[in-house]
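We will take a short walk through one protein, stop by stop.

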Amino acid sequence: MKLQVLEIVLWPRKAGHEPRRVAFEPNMANVITGASKTGKSSIIPIIDYCLASDRCTIPVGVIRQAVAWFGIVIQTDEGQKLLARPEPGQLNSPTEMYLAEFDEIAVPQVIPEGNTNIKQVKTMLDRLAQLTMLGTDAENQGSGFSGRPSFRDLMAFCFQPQNVVANPDVLFYRADTTAYREKLRAIFPYVLGATTPEILEKEWELESLNRALRMKQREMKAYATASETWKANLANWVGEAHELGLVGNGALQLKEEAALLSLLNSLVHRDVPERPLSPDAIEDSAKEYAELQNEEATLNAELTEVRHRLNRLADLRKSVGQYDLSLTAKKQRLSLSRWLRNQTQGSEQTSCPVCAQSLESHTQAVDAMCDALAVVETDARRVSKAPVVFDRDWASLNESMRSLTDKLGAVNVRRRGIEQRSARAKQQRLQTNQIARFLGAMEQALVLYNARENPAAAKEIDALMESILKLQGELQNHNYEDRLSKALRRLAKSMEKLATKLDAEDPDAKLQLDIRELTVKVRGDDGRSDFLWQLGSGANWLTYHVAATIALHALFVRLKRSPVPGLMVYDQPSQVYFPRKLATRRSKKPEAEPRIADEDAQAVSRFFDVFGKATTTLPGDFQIIVVDHASPDVWGGLKGVHLVEEWRNGKKLVPLNWLDTPNTDDSA
């Protein structure tokens, strides 16, 4: 896939400033060199972010505070494209993006707002990469990690950030996460060319045809099994038809299969016999039933009212009895007052016969008690007449309840009679329905029986088998295992050749890329094979990282159609040697001072020499971007190596005048 970075563009938050543009050369090893905290390690995150990454890994701090939009200009087979995204702020990754497409991009002064989103840009990048729409595993229907590859999956082959470029445990970008590692394992045969979109399509088609054939064969087998079972029960079908009155006694004497089938075939074309009912009788019964329901409801309401009145009358009788007992108790207590008054009337003695106290001062109180006694006696006489009235009402209500109960019983008898007549009609309808269901089931059974020798189904199976054999013949020439082994052998030779030009501890070691463990396996003269993490020395780790990644791109550019972008970005490859020494050991007069001649500088120079030769000699579009401390004193003058910018002495990725308070010590 042709995709090379022509520019990185930053748009400032502060108005009045031009966008910051960092230009790169296509098909060259582009080098940005500089001191620490100048923004070098932001290059990979910016490119990755603008290529529709799901997360923003651009370092927080000065660059995020000063920049409003990040963008890259890329060269593709369709011309140049500008991809830009806003600084995410509080969001982890905004979906808004800006896309411009021209033969030659004119970078705008400002980007007021986006005109597309991350999903649409991913779709465009997938299209540019000409990625297959199928998964990498036809049997698993492309689900999970075996789902279709995406452009974002291919970034593993394009970036070697500072924490990966010499990491003994991780060889590929983001392969330290389980999901990305499993996805990378799944797509590796596809990117190596062991399988192609055309082969994947044929494999998927073959698997689909095999599933259809298995389904059709199971269906035909089920037809055969079911038809044989049904055939053995032909006599039972005829017996059931006789029980339903569809055939006479003579049908039970039939024994031959042909005669039984002919009889049953004739039945399925017969109309379901109807047993007519009198519409007038049904209507009259329905009307009478409705009237009885209304009458029953009325009688139930009246009966409920009578029961309620009886309950209230019983409560009232109980209350009157309790009131009568209360009046009797009062009479007994007040009767003494009348005796006292009789003792004093007509006699000169005015003292109490009990306590001998004078009663003259209490005459008024005695009279009041006598008056109260008279009132109580009057109430008692009136209450004593109430039970007679209550008994009369009680008898009347009981008579009404018995009458209503008798009427309700008569209504229920008439209603049950109508229901019984309706049940007979219902049974007649059920029998008709039963016959209809029997004829329907038998018709379906006959269809199933006849399908066992269905010529159309047999032709369909033959057509499926013919298509399967054709696809198998086309795939026979494509031996997946052989193609994968061949690609890995070619890759191993390329890695070994590159390692001899770099700084491997054992330049003659045999190398192998293990696509299951996603690392390099090294075999020495003693025959022992070790994984990368088992080796020591940062020089070894860096050597095999560079050898593996460039060897992969050498393989990609030679494929007829590779989806992997021809882009490789390295961040601080010289860190395993002496980054600070190379960053500070600068000649004030380069023409008067020779190149640094120590062993480490020569080792670093070999890496840059490989970078330059890879971009100029590989038969295709391939660009390398390197950000490093190493100055041109180490790699200057090498073929294919282009100095982009040198960020020292106050020059950084983010211009100082973009900052409110310029601080040369802050990271850009």
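Predicted model: local features only at pLDDT ≥ 70, side-chain atom pairs only at ≥ 80, totals over all residues.

Start with everything shown as a cartoon: the protein has 16 helices and 14 strands. Of its 668 residues, 45% count as buried.

Now select His553, which sits in helix H13 (residues 538–558). Is His553 buried or exposed? With a relative accessible area of 1%, His553 is buried.

Next come the salt bridges; the whole structure holds 16. Select Arg21 and Glu7, whose closest N and O atoms are 2.7 Å apart. Arg21 belongs to strand E2 (residues 20–23) and Glu7 to strand E1 (residues 3–12). Arg21 is partly exposed at 40% relative accessibility, whereas Glu7 is buried at 12%.

Move on to Asp54 and Lys122, a salt bridge with its closest N and O atoms 2.5 Å apart. Asp54 lies in the loop between helices H1 and H2 while Lys122 is in helix H3, so the pair ties together parts 68 residues apart in sequence. Asp54 is exposed, at 52%.

For the last pair, pick Arg606 and Asp503, which meet at 3.3 Å, N to O. Arg606 is in helix H15 (residues 599–617), 103 residues from Asp503.

Finish by selecting Glu78, Lys81, Glu101 and Arg127: salt bridges with shared partners join them into one network.

Definitions and conventions: Residues numbered from 1 in each chain as written. Heavy atoms only, no water. Helix = DSSP H or I, 4+ residues; strand = E, 2+ residues; numbered from the N terminus. Buried < 20%, exposed > 50% of the residue type's maximum accessible area, 1.4 Å probe, protein only. Salt bridge = Lys/Arg side-chain N within 4 Å of Asp/Glu carboxyl O.
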